[in-house]
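Subject: The structure I promised you

Hi,

Here is the structure we talked about. Have a look around in the viewer first, then read on.

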Amino acid sequence: MNMIDPFGRTISYLRVSVTDRCDFRCTYCMAEDMAFLPKKDLLSLEELDRLCTVFIEKGVKRLRLTGGEPLVRKNIMHLVRQLSRHLDSGALEELTLTTNGSQLSRFAAELAECGVKRINVSLDTLDADKFHQITRWGHLDKVMQGIDAAQAAGLKVKLNAVALKDFNDAELPDMMRWAHGRGMDLTVIETMPMGEIDADRTDQYVPLSLLRASLERQFTLTDIPFKTGGPARYVHVAETGGKLGFITPMTHNFCESCNRVRLTCTGTLYMCLGQEDAADLRAPLRASESNELVADAIDEAIGRKPKGHDFIIDRRTSRPSVSRHMSVTGG
Ligand code: SAM
């Protein structure tokens, strides 16, 4: 039953974007006047649960809800609670979520109750004014309250920061000290050319090889084999005692170990974050009450999973490598 792609990689990780909507408008992620999907195109929570269940039956062990902002989808906790039955049965090893943290103070305790053990919170700066500037609509104090609530509920929190030139690159050492001081790991991410935004990505892009070299002038970084199932490569930081992850889609391709596929809220399956090819699972899901058609469509899609992606950011390449925004496929 396991899903194995043409390059011998076993697919055991599903990321599900439960909505393309978000209560923030991060400048590197979205344009300010984004057109969102009409609600009628979305899979219902029951349909999302059914699709996730088919993937779990086909060998998915880790499932991450993302978006858009997953916690702004109406009744999202209903889906989380439903999916938690697969944790109880042992079929699923991990149910987790990536969030901007704005709604966490409302939901953290319930997430923990449903068996969620760790979450990723995206946070690009600790400066309230800069936070408002980069998210356009967000307020740092709400996110801080959310992180407090998550830690109080016993959730392990990892912070994700996109490295942005002349915005947060100089602040990242302080962010790391702060995160590690609160028992949170930090992962930094290279900005990827996905979707049209209002800014020029060449101006924003920081190769993490440069960031690492600059951190090494202040900190002792030791490579460690730690893995959380994702593409981050981790170092241990002697001075803080914490872990720092690097996600480097631009400077270091990590596709050889890719174990994941991504499902959107309309039932489109992307076999690679950095490619346009996709498979529609909504039609086979709706065509029959049994799951055979959709299981066949999944097998056919996994058989087309590409070897990897090739993102390019430079002055000659003004168009994004993939046309959809990160909020569609889910980060
Ligand atoms: N709303 C949730 C959040 O903020 O984490 C989940 C969705 S968001 C699209 C997931 C992650 O993708 C965030 O950490 C965000 O910073 C990151 N992201 C968005 N656009 C990106 C881009 N073009 N390159 C790299 N990371 C990006």
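This is a predicted model: local features need pLDDT of at least 70, side-chain atom pairs count only at pLDDT 80 or more; totals for chains, interfaces and linings use all residues.

**The whole chain**

The protein chain has eleven helices and twelve strands. Its radius of gyration is 19 Å, close to the 20 Å that the globule rule gives for 331 residues, so the chain is as compact as a globular protein of that length. If you draw a box along the principal axes, the C-alpha atoms fill roughly 60 × 50 × 40 Å.

How much of the chain is buried? Of the 331 residues, 56% count as buried. Now take the contacts between residues at least 6 apart in sequence: 73% of them join residues at least 24 apart.

**The ligand**

Which residues are closest to the ligand? Tyr28, Gly68, Glu69, Ser122 and Met192 are, out of 17 residues that surround it. That shell divides into five nonpolar, nine polar and three charged residues.

- Met192: a polar backbone atom here is 2.7 Å from a nitrogen atom of the ligand.
- Gly68: a polar backbone atom here is 2.9 Å from a nitrogen atom of the ligand.
- Thr99: a backbone N or O atom here is 3.4 Å from an oxygen atom of the ligand.

On its own, the ligand would expose 540 Å², and the protein buries 95% of that.

**Two threonines**

Stay with Thr99 for a moment. You'll find it in strand β3, which covers residues 94–99. With a relative accessible area of 2%, Thr99 is buried, since the cut-off for buried is under 20%. Its side chain has a polar atom 2.9 Å from the backbone nitrogen of Gly101. Beyond its neighbours within four places in sequence, Thr99 is in contact with Glu69, Leu71, Leu104, Asn120, Val121 and Ser122. Two of those names, Glu69 and Ser122, are also on the list of residues closest to the ligand.

Thr19 sits in the loop between β1 (13–17) and α1. Is Thr19 buried or exposed? Its relative accessibility is 3%, so it counts as buried. The Thr19 side chain reaches the backbone nitrogen of Arg21 at 2.9 Å. Leaving out neighbours within four places in sequence, its contacts include Gly68 and Glu69, along with Thr66, Gly67, Pro70, Val72, Arg73, Cys265 and Ser327. Again, Gly68 and Glu69 are among the residues closest to the ligand.

Helix α1 spans residues 45–57, and Glu47 lies in it. Glu47 has a relative accessible area of 16%, so it is buried. What does the side chain of Glu47 make a polar contact with? The partner is the side chain of Arg286, at 2.7 Å. Apart from residues up to four places away in sequence, Glu47 touches Leu42, Leu285 and Arg286.

Asp49 is found in helix α1 as well. Its relative accessible area is 10%, so Asp49 is buried too. Away from its neighbours within four places in sequence, Asp49 is in contact with Leu79, Gln82, Leu83 and Arg85. His78 is 29 residues from Asp49 along the chain, and their C-alpha atoms are separated by 9.8 Å.

Most residues other than glycine have a negative phi. With that in mind, look at these two:

- Arg136 has a positive phi of about 60° although it is not a glycine. It is placed in the loop between α4 (128–135) and α5 (140–152).
- Asp166 is not a glycine either, and its phi is positive, near 60°. Its place is in the loop between β5 (156–163) and α6 (172–181).

Which of the pair is buried, and which is exposed? Arg136 is buried, with a relative accessible area of 17%. Asp166 counts as exposed, because its relative accessibility is 71% and exposed means over 50%.

That's the tour. Happy to go through any of it with you.

Cheers

Technical notes
Residues are numbered from 1 along each chain as its sequence is written. Side-chain values use heavy atoms; hydrogens and water are left out. A residue is near a molecule or strand if one of its heavy atoms lies within 4 Å of it. A polar contact is a pair of N or O atoms within 3.5 Å; within protein, one must be able to donate a hydrogen and the other to accept it, and residues adjacent in sequence count only if both atoms are side-chain atoms. Accessible areas come from the Shrake-Rupley method with a 1.4 Å probe; for residues, only the protein chains shown count as cover. Ala, Val, Leu, Ile, Met, Phe, Trp, Tyr, Cys and Pro count as nonpolar, Asp, Glu, Lys and Arg as charged, and the others, Gly among them, as polar. Helices (H or I, at least four residues) and strands (E, at least two) are DSSP runs, numbered from the N terminus. The radius of gyration is taken over C-alpha atoms; the globule rule is 2.2 Å times the number of residues to the power 0.38. Buried means under 20% relative accessible area, exposed over 50%, partly exposed in between (1.4 Å probe, protein chains only). Contact means heavy atoms within 4.5 Å.
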